[in-house]
Amino acid sequence: MSAAWRKSSRSNGAQDSACVEIALDGSVARIRDSKGQADATVAAPAWGAFLATVKGGELDG
């Protein structure tokens, strides 16, 4: 199965902007830098916990 990569909305569509891409692939989330070829795999529950933390503003500093 080929994962569909989605670019961060914060990239503003700029072609050469630095941003993060994510692909939800079954029970894992695959994360990569848009300029790199390698990606990291994170279990879906851990990805969900990370998103909840970000949306809750706990990482704002």
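Which element of the protein chain has the lowest mean pLDDT, and which the highest? Strand E1 (residues 6-7) has the lowest, 84, and strand E4 (residues 40-43) the highest, 92. Here pLDDT is the predictor's confidence in each residue, from 0 to 100, and strands are DSSP runs of at least two residues (E), numbered from the N terminus, as are helices (H or I, at least four).

This is a predicted model, in which local features need pLDDT of at least 70 and side-chain atom pairs count only at 80 or more, while totals for chains, interfaces and linings use all residues. Residues are numbered from 1 along each chain as its sequence is written, and side-chain values use heavy atoms, without hydrogens and water.

Select the four strands. They form an open antiparallel sheet in the order E1-E2-E3-E4; two strands pair if DSSP finds at least two bridges between them. E1 and E4 each have a single partner strand, so one side of each lacks a neighbour in the sheet.

Next, select helix H1, residues 44-55. This helix packs on the sheet and touches E2, E3 and E4, where contact means heavy atoms within 4.5 Å.

Within H1, select Trp47 and Phe50, which are three residues apart, about one helical turn. Trp47 is buried at 17% relative accessible area, whereas Phe50 is partly exposed at 40%; buried means under 20%, exposed over 50% and partly exposed in between (1.4 Å probe, protein chains only).

Finally, select E2 (residues 20-25) and E3 (residues 28-33), which pair in the antiparallel sense over six bridges. Ala23 stands opposite Arg30 in E3.

Methods: Axes are lines fitted to C-alpha atoms, for helices over the stretch in contact, and angles run from 0 to 180 degrees between N-to-C directions.
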